[in-house]
Amino acid sequence: MVNITHLLNEINADDEMLKTHKLSQQDYAEIVKILKRAPNLIELGIFSAMWSEHCSYKSSKKYLSGFPTKAPWVVQGPGENAGVVSIGNNLCAVFKIESHNHPSFIEPHAGAATGVGGIMRDIFTMGARPVASLNSIRFGDVQDKGALGKKHRYLLRGVVEGIGSYGNCMGVPTIGGEMSFEPCYNGNILVNAFCLGLAQADEIFYGRAEGVGNPVIYVGSKTGRDGLGGAVMSSDSFSSNTKAMRSAVQVGDPFAQKLLLEACLELFKQDLIVGIQDMGAAGLTSSSFEMAGRSGSGMILHLDKVPMREAGMNPYELMLSESQERMLICAKKGCEQAVLDIFAKWEVDSAIVGEVTKSGVMELYWHGEKCAHIPIAELSENAPMLDMPLHPMQAPMQPAQSLETSLSAQEIFLTLLSSVEVANKKWVYEQYDNSVQSNTITPAGSGDASMIRIKDTAMGLSMSVDCNPRFCHLEPQNGAKIAVATSGRNSIVRGAKPLAISNCLNFGSPNNPQVMWAFKEVCEGIKEACKVLNTPVVSGNVSLHNQSDGIDIYPTPSIVSVGVIHDVQHAIPSTFQKQGNMIMLLGEIRAEFGGSLAQKILEGRIYGQIPAIDLQKELALWTFMLEANHLITCAKDIGEGGLAITLAKMVLGNGEHKPLGCNVHTNLPAQVLFAQSQSCIVAEVTASNLDSFTQMTKKHKIPIMEIGCVGGENFCVDEINVSLEEMSGLYFESFEQLINQDL
């Protein structure tokens with residue numbers, strides 16, 4: 001038995017102890033007020049974790065209220081482990097995106113892997129089997145010739161390996177994602193992981209602990225000392241020297257989680273439990289307090305009964321460890337043995353560690369001695385909500401209507417096509433098993449939304465993650481609107497109707513008034529876009545303190561849009577299908593270059609107004625595309641690199657099929673081929689469908705222009721004329737050559 005006398009001594013308002021726990025003197029005073037006495041070290045650690053930015057959203061919560069969260073198809077919005085939407089046939093899609101940024105910068109493989117594992121647990125905790133994963137990963141200057149570039153190439157390789165190894169071992173396909181590169185991520189990369197699962201509508205489970213006397217059962221891997229202080233570490237800015245933080249990074253075991261998954265899904269088929277919660281950030285602390293708090297219950301935990309994998313562990317470590325692959329279950333009284341038997345069958349550790357009470361208090365015991373006594377509601381309700389100062393990032397900007405370059409359109413095109421932002425990422429997606437479970441419809445690397453079929457039905461689900469951080473840096477509110485619209489548009493061009501979004505709001509230090517102003521603006525942009533486009537927010541995550549050595553990242557609200565298509569036979573491909581078909585441009589392309597990829601690469605800076613977005617016109621485009629689905633042979637929205645790069649991707653695809661060239665004449669000024677105007681789609685239409693297609697655009701008041709036809713051995717767009725062979729070499733080989741140059 002470990003002696004814990006030193007942990008039970010009252011902690012005074014010692015600046016050094018409070019600093020270690022990232023608590024202020026004001027926080028300490030509130031803790032004393034709640035407890036009506038000074039806390040001991042265990043209690044101080046619990047308050048520190050639960051009041052961290054990562055767990056309490058103390059700087060951001062005030063701006064999150066007002067998100068549209070309801071619709072007839074929304075079953076569960078924010079507040080649970082994941083969001084839930086009804087998709088028909090008594091089925092629900094369960095999904096969420098969240099961050100694992102700091103751990104991935106410190107230990108890229110372990111950080112990314114445990115990010116994937118954690119988000120999967122959020123999904124199957126709800127009773128859903130994970131069926132698809134996405135990721136949004138962002139790095140610094142991988143092209144730098146010195147130590148910086150070498151470091152970020154190492155980080156990229158480690159993150160990709162971590163994502164691939166965990167997802168592949170779990171048997172969950174990684175079917176898509178996005179990757180970007182900006183100098184602002186030089187000291188703080190972003191790793192956002194998304195997972196989607198399927199569940200029967202009447203088999204959704206929630207993270208609640210209620211019913212006096214019901215047993216609380218710990219299941220999963222034994223608790224160790226890995227990940228201690230992870231939630232607090234993720235709630236603080238750090239310097240580029242990360243060696244001292246490695247102990248706060250969790251270590252994952254996907255094979256242990258696979259057993260935990262199957263055991264939980266078997267458990268859900270029987271009427272044995274009241275609720276279940278993943279032990280994520282802050283581990284046993286957050287799971288126990290959240291389960292009891294949602295139900296207004298109390299709880300007793302006997303920490304000496306928690307399965308441990310290291311000798312000499314104490315209550316402080318057990319409550320704050322973030323060891324992976326663990327769950328907390330509130331079972332029905334009398335069903336304890338049946339629950340334990342299921343986990344024993346799957347060779348997963350389990351133990352009865354406590355029970356539900358009506359006291360409203362968390363009572364912790366160590367070998368019969370009470371070591372903590374904390375009112376649950378008061379801890380949650382009195383978490384410090386900060387009103388951080390705001391200051392606009394910069395003065396209103398002027399339009400950026402041209403590119404300062406002497407390069408020809410062809411030279412610009414070849415430069416963008418081979419750039420790290422545009423070049424095909426087959427080196428990445430070939431490390432992910434995207435076909436396991438045999439439901440994947442869209443091949444890896446095909447762009448736009450990824451799609452899976454739903455077995456035993458005709459239906460499919462689309463999902464896309466998107467954000468242009470340069471847009472959000474220049475104009476946070478409009479940039480956020482564009483992120484919501486683009487993510488949904490990526491499903492629209494596949495033929496799927498967007499239903500809802502999950503967001504991961506990545507920002508710099510909340511102590512920077514410009515950062516918090518941008519956060520407020522981004523939230524307002526998301527609210528307006530989701531309201532107009534009728535895609536409510538059902539889950540999400542906030543990640544602040546993404547700052548290193550005084551440099552904040554760009555505002556990066558990663559938006560995942562999930563959509564449904566009722567017959568996957570009508571899914572629309574994104575590559576040209578048949579020689580001779582017409583190429584149609586929907587929407588209006590204007591000379592808008594603020595924050596564009598062309599501006600960044602050709603001028604080495606970003607400035608000016610970003611492309612305008614009219615959400616009503618965006619909605620009209622969505623309505624048209626869904627109605628005209630049967631008339632469209634292939635489609636793609638205009639994104640990074642503008643019309644020219646969009647056409648190039650429609651020609652080249654993912655390299656699995658012989659490309660079809662194109663012959664396009666737009667009458668646009670040469671530079672406008674690279675503008676990133678919004679609400680624009682390129683569609684391939686057969687000659688027989690052209691009249692009907694055109695008439696339907698008039699009905700919905702969609703601007704339309706016939707710009708060319710499919711076919712030929714070259715890529716011909718106005719003055720650009722490049723052989724398909726040259727294009728393929730640049731597009732498919734550039735990225736791998738760059739990323740492996742150190743090996």
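The UniProt record, an unreviewed entry, marks a "PurM-like C-terminal" domain over residues 212–366 and 578–713. The structure shown here is a predicted model.

Strand S25 (residues 704–710) pairs with two strands here. Strand S21 (residues 582–586) runs antiparallel to S25, with 5 bridges between them. In this pair, Leu586 faces Ile704 of S25. Strand S23 (residues 662–664) is also antiparallel to S25, joined by 3 bridges. There, Cys662 stands opposite Val710.

## Gly641, a buried loop residue

Where does Gly641 sit? It lies in the loop between strand S22 (634–637) and helix H23 (642–652). Its relative accessibility is 0%, so Gly641 counts as buried; the cut-off for buried is under 20%.

Beyond its close sequence neighbours, up to four places away, Gly641 touches Leu416, Leu597, Leu673, Phe674 and Gln676. Phe47 is another matter. Gly641 and Phe47 are 594 residues apart along the chain, and their C-alpha atoms are separated by 48 Å.

## A six-stranded sheet

Now look at an open sheet of 6 strands. Their order is S1-S2-S3-S6-S4-S5, and the pairing is mixed.

Strands in a sheet pair through backbone hydrogen bonds, either parallel or antiparallel. Strand S3 (residues 91–99) and strand S6 (residues 190–200) are antiparallel, with 9 bridges. Ala93 stands opposite Leu198 of S6. Helix H8 (residues 108–124) packs on the sheet. H8 touches S3, S6 and strand S4 (129–139), and its direction makes about 25° with that of S6.

Start with Ser99, which belongs to strand S3. Is Ser99 buried or exposed? It has a relative accessible area of 7%, so it is buried. Leaving out residues up to four places away in sequence, Ser99 touches Val191, Asn192, Cys504, Asn506, Asn541 and Ser543. The side chains of Ser99 and Asn541 form a polar contact of 2.9 Å.

His102 is found in helix H7 (residues 101–106). At 2% relative accessibility, His102 is buried.

How many residues does the largest nonpolar core have? It has 64, and the residues with the most contacts inside it are Phe519, Ile526, Met625 and Phe693. Helix H20 (residues 513–533) supplies the largest share of this core, 11 residues.

Setting aside neighbours within four places, Ile526 is in contact with Phe67, Ala480, Val484, Ile501, Asn503, Leu505, Val537, Pro557 and Ile559. A second core is separate and has 63 residues. Among them are Leu155, Phe181, Tyr432 and Ile739.

Key: Residues numbered from 1 in each chain as written. Predicted model: local features only at pLDDT ≥ 70, side-chain atom pairs only at ≥ 80, totals over all residues. Heavy atoms only, no water. Pairing = 2+ DSSP bridges. Helix = DSSP H or I, 4+ residues; strand = E, 2+ residues; numbered from the N terminus. Contact = heavy atoms within 4.5 Å. Axes fitted to C-alpha atoms, helices over the stretch in contact; angles between N-to-C directions. Buried < 20%, exposed > 50% of the residue type's maximum accessible area, 1.4 Å probe, protein only. Polar contact = N/O pair within 3.5 Å; in protein donor to acceptor, adjacent residues only side chain to side chain. UniProt positions renumbered as here; feature names shortened; annotations may be inferred. Core = buried A, V, L, I, M, F, W, Y, C linked by side-chain atoms within 4.5 Å.
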